Amino acid sequence: MPPMGMGRMGGNYLSEEEKKNRPKVTRELLLRIFSYLKPYWKQMLLVLLLILVSSVFGILPSILTGKIIDVGLIGRNLRMLVILILASLLVTFLSNLIGVAESYLNTWIAQHITLDMRNSMFRHLQKMSQRFFTSNNQGDIITRMTSDIDGVRQIVTNTLTSIISNVITLIVAIVAMYQKNWILATAAILIVPLFVIPTRSAGKQRWSLAKESQEANDEINGILNETLSVSGQLLVKLFGKEEREYRRYSAANERMIRLNIKESMAGRWFRVVLSTFTSIGPMLLYLLGGILMMKFDSSVTVGDITVLVALLSRIYGPVNSLLNVQVEWIRSMALFTRLFEYFDMPVEVESPKDPVIPRRSIGSVAFRHVSFSYEPEREILHDVNFYLPAGRSVAIVGPSGSGKSTLVNLIPRLYDATGGEVLYDGTDVRKLELSWLRSKIGVVSQETYLFNGTIRENLLYAREDATEEELIEACKKANIYDFIEAQEHGFDTIVGNRGLKLSGGEKQRISIARVLLKNPTLLIFDEATSALDSISERKIQDAIDPLIKTRSSILIAHRLSTILAADEILVLKDGCIVEKGRHEDLVGSGGVYTELYHTQFGRALEREAGE
Ligand code: ATP
């Protein structure tokens, strides 16, 4: 009899939460699950056949035992005894052999179904808009991709096949029992649930302990995650909380250990109860069989009784598993429902059905009455209008939170405008082929993201086939080549977790080089707000200046030097363009720009003058 499972699926009992949130099982849901199994129906049919054969073969030795006793031993027939024993061994061997084939095929099917699911989920998630990634917890997304889909594999390998094979084993065993003796068979069928059900309540207690210790474990993982991450450690150190975190950690640890000991002892007791109960069943059957044979029906043989006892032990397992079917069923349906919810999330930004693919790109941008909101109640951009001719540059300035980043995000369609239209080279961006549009736009964002790898790998992300000369040229233009050359490993220097081994200025210059390799028609540069030292700033400025002279550029600017390099300035306040023009015209106008000049840019000017 298999032990009560404590597997990843979470034991054999539904938690209160699971009971409350029972999924609605509809025809659609079942059909949809079925659609994932459908491509493998031939293999599944074969599995079914193998299960059937191996169940029959699995039961044969028990039946042969009866013959061994009656014909071989009691009948004193040595030849038959040997033949029967050999036959029994052969059948067991064959049954196990078929079991191997079955589990191979089973694993193969399950792995392929999860492969299909993983791939299509990944595809789907990559199509999700920026909104999805900013509003969902990264941990949740990863869990969906990993453990939830892994749950599907378990359902296919465990739940599905175990139901089928248990039902078949049970039917075969019951038929065999009735063929031997109907009275004893009926008694056996009544005995089994009597002994399976009480052991279940003992298992339940053990399961709740296991759940508690799982929670303690989660808590420990949470503490570790928080305190041992780069930024977490920084916080702990800077606030001197080492002692507090240690106490928190060791308390959680102790709690878990206490629970673990309790659980493992409950396990021992559980086994005592279990083995006592399971051995009462056969004894009872011997007794009943004996009474029947001696008092009522002399045609019942010792072999018959032995067969029934042997078959009884074979139906304990299946009955026990089938009693769990409901739990597994509910859990599986909940899992599929959750996964399908993810699959059903609408793709907000998509390439249109008949996309326009212009022959060439010149890089002009126009906003016509554009409004935008992340959430329905709160509009971030209101009636934004401007035109950036090809080859020109515009600087967007404005107080923090005025919507500058939001505005530029609409051009490569990280989000779509909620009102009005954004035009690229005269065509609404929603009509252009998405990959074409994005290939023409290079963005150097404020938060430069570098993968954990070498500088070279990070640069090649822009264009895999770039030659060494092109890499060097781009890095020279981005003013980072001297730095790379000075490193011991040059381009093969590891940038560290998210590029954390590099300074902010170095990271930004590498990301400028990366964009240069992409060679976009339109450059969007979101200048870092965080103050870089003036040498770093100078280097970035020197890298940017020639770039914006040669292609269309939009600069979110915080420094006067960047602003002065642009052909036009847009002043954004609370999501509206409030002023437009050149520095000379705006600085004396007494408006928002004048104010910004005196507060933000002025300070930078003073600093530069000081140096
Ligand atoms: P900064 O100069 O500080 O970078 P910004 O002018 O670029 O600011 P945005 O980042 O465009 O400003 O933000 C404009 C407004 O939109 C802010 O009030 C911000 O809270 C809000 N906002 C930004 N991103 C989101 C988001 N993903 N979901 C909801 N609101 C957002």
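Trainee: What should I know before I start?
Mentor: The model is predicted, so local features need pLDDT of at least 70 and side-chain atom pairs count only at pLDDT 80 or more, while totals for chains, interfaces and linings use all residues. Residues are numbered from 1 along each chain as its sequence is written, and side-chain values use heavy atoms, with hydrogens and water left out.

Trainee: What span should helix α10 have?
Mentor: Helices are DSSP runs (H or I, at least four residues), numbered from the N terminus. The expected span is 1.5 Å times one less than the number of residues. Helix α10 (residues 302–323) has 22 residues, so it should span 32 Å; its end C-alpha atoms are 32 Å apart, which agrees.

Trainee: Where does α6 bend?
Mentor: A bend at a residue is the angle between two fitted axes, one for the seven residues ending there and one for the seven starting there. Helix α6 bends by about 40° at I155. Helix α10 bends by about 25° at I315, and the proline P318 follows within four residues.

Trainee: How do α4 and α6 pack?
Mentor: Axes are lines fitted to C-alpha atoms, for helices over the stretch in contact; angles run from 0 to 180 degrees between N-to-C directions. Helix α4 (residues 78–127) and helix α6 (residues 138–180) pack at about 155°, with axes 9 Å apart. Angles under 35 degrees count as roughly parallel, over 145 as roughly antiparallel, 65 to 115 as roughly perpendicular and the rest as oblique. So α4 and α6 are roughly antiparallel. Contact means heavy atoms within 4.5 Å. Among the contact residues are I109, M117 and F122 of α4 and I149, V152 and V156 of α6. Nonpolar means Ala, Val, Leu, Ile, Met, Phe, Trp, Tyr, Cys and Pro; charged means Asp, Glu, Lys and Arg; the others, Gly among them, are polar. The contact of α4 with α6 has 12 nonpolar, seven polar and three charged residues.

Trainee: At what angle do α17 and α18 cross?
Mentor: The axes of helix α17 (residues 504–518) and helix α18 (residues 534–550) cross at roughly 15° and come within 9 Å. That makes α17 roughly parallel to α18. Their contact has five nonpolar, three polar and two charged residues.

Trainee: How do α15 and α17 cross?
Mentor: Helix α15 (residues 468–477) and α17 cross at roughly 130°, and their axes come within 8 Å. They are therefore oblique to each other. Residues E470, L471, A474, C475 and K477 of α15 meet A513, L516 and L517 of α17. This contact divides into six nonpolar, no polar and two charged residues.

Technical notes. Helix = DSSP H or I, 4+ residues; strand = E, 2+ residues; numbered from the N terminus.
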